Amino acid sequence: MIEFLSSSVISGLIVMAFLGALSYRLGFVDISGLISAFFVGFTVWYTGGVAAFTVLLFFFISSGIATKYKYRAKMRKNVAQEAKGKRSWKNVFGSGIIPMMFSIGIFVSQRLAEVGAVSPSLAFWMFGGFIGSVATTSADTLASEIGVFSKRKPRLITNLRRKVPAGTIGAVSLLGEGVALFAGAAIGTIVSLYALFTPGLVPVTSSAEILLIFPLSVLTAFIGCNLDSLIGAVFQNRYVCEICGAITDKEFHCGYETKYVGGFKQFTNAHVNLGSSGMGAALGVVLGAGLFVWILGFLFFWVVASSSS
Ligand SMILES: [Zn+2]
């Protein structure tokens with residue numbers, strides 16, 4: 001029985017079936033989203049291992065809850081996700097495909113490192129990319145779903161002096177930025193705990209890499225989330241609501257049809273998420289790989305700062 005459960009294919013299928021049934025019942029996903037989440041989840045479980053899967057699970061559960069949080073109030077503000085907040089395959093692949101690729105990257109680099117073909121650090125760089133993309137997507141989703149409740153009016157990321165209605169594409173608020181930092185810190189904590197207590201489950205090769213996980217996660221979440229707002233504000237198709245003045249990606253707002261004002265017509269929120277998750281991943285790889293550059297840079301600034309005071 002134990003052998004049966006420890007086989008990662010069987011245990012993975014059991015865990016996915018359980019979580020899939022639960023998230024479908026809670027209304028996190030529709031059928032297409034369920035099938036794609038099963039696919040992405042199982043691949044990450046099998047290739048990246050339990051720690052990587054836990055990070056992905058944090059994203060999945062926290063965004064599911066955040067999307068459902070005060071859903072009716074969001075409906076009234078015209079900022080709610082469509083279809084009662086059920087995510088479809090487009091959402092799941094938009095946020096899951098890059099982490100999945102990096103998870104496969106971890107697996108392949110570990111196998112190559114075993115035969116001495118590549119440095120063991122390569123798996124950590126891939127892991128950095130994995131964390132970077134999930135941290136970005138988590139930060140973006142949580143910041144969007146919670147940030148709309150900001151008491152102060154949000155501002156446009158491309159023109160911070162301009163106040164805009166909540167839900168506007170590219171709108172940023174202090175609350176949203178705080179939530180983004182929280183998402184990064186949560187993922188950083190989860191991974192650091194795995195690395196400290198069960199180092200075999202995380203592809204780290206030194207204690208310096210363990211120390212790097214937390215700042216890597218917070219930085220990628222924060223920068224990736226703001227890049228997402230920026231890409232959205234510049235490229236995403238957007239419409240103006242002639243009733244309330246909101247700039248939105250919805251063709252209907254305040255009960256009326258909206259007017260197209262800019263962006264690329266085929267460039268939807270899923271494309272924005274895919275783009276920012278790729279950039280978050282790239283940043284994660286750079287931060288993970290540039291360990292020494294990073295430490296040297298920090299020392300440099302520290303020396304400069306302490307000598308000037
Ligand atoms: Zn409106």
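**Figure 1. Overall view of the predicted model of the protein chain.** The protein chain holds ten helices and eight strands. Along its principal axes, the C-alpha trace spans about 65 × 65 × 30 Å. A compact globule of 309 residues would have a radius of gyration near 19 Å, and the 20 Å of the protein chain agrees with this. Buried residues make up 46% of the 309. Of the contacts with a separation of 6 or more, 73% link residues 24 or more positions apart.

Figure 2. The mean pLDDT is 90, and 96% of the residues reach 70 or more.

Figure 3. Helix α7 has 24 residues, and the distance from its first C-alpha to its last is 34 Å, close to the 34 Å expected at 1.5 Å a residue. Its buried residues are Gly176, Val179, Ala180, Ala183, Gly184, Ala186, Ile187, Gly188, Val191, Tyr194 and Ala195. An α-helix has 3.6 residues a turn, so residues three or four places apart point the same way.

**Figure 4. The hairpin of strands β1 and β2.** Strand β1 (residues 155–156) pairs with β2 in the antiparallel sense, over two bridges. Two residues connect the strands in the hairpin. Leu156 has Asn159 of β2 as its bridge partner. How many of the five residues of strand β2 (residues 159–163) are buried? The count is zero, and β2 is hardly covered.

**Figure 5. The open sheet of three strands, β5-β4-β8.** The pairing in this sheet is antiparallel. Strands β5 (247–248) and β8 (259–262) are at the edges and have a single partner strand each, so one side of each lacks a neighbour in the sheet. Strand β4 (residues 238–240) runs antiparallel to β5 and is joined to it by two bridges. One of the residues involved is Val240, whose bridge partner in β5 is Ile247. Strands of a sheet pair through backbone hydrogen bonds, either parallel or antiparallel.

Note on methods:
Residues numbered from 1 in each chain as written. Predicted model: local features only at pLDDT ≥ 70, side-chain atom pairs only at ≥ 80, totals over all residues. Pairing = 2+ DSSP bridges. Helix = DSSP H or I, 4+ residues; strand = E, 2+ residues; numbered from the N terminus. Rg over C-alpha atoms; globule rule 2.2 N^0.38 Å. Buried ≥ 20, exposed ≤ 12 C-beta atoms within 10 Å, placed from the backbone. Contact = placed C-beta atoms within 7 Å. pLDDT = per-residue confidence, 0-100. Expected span 1.5 Å × (residues − 1).
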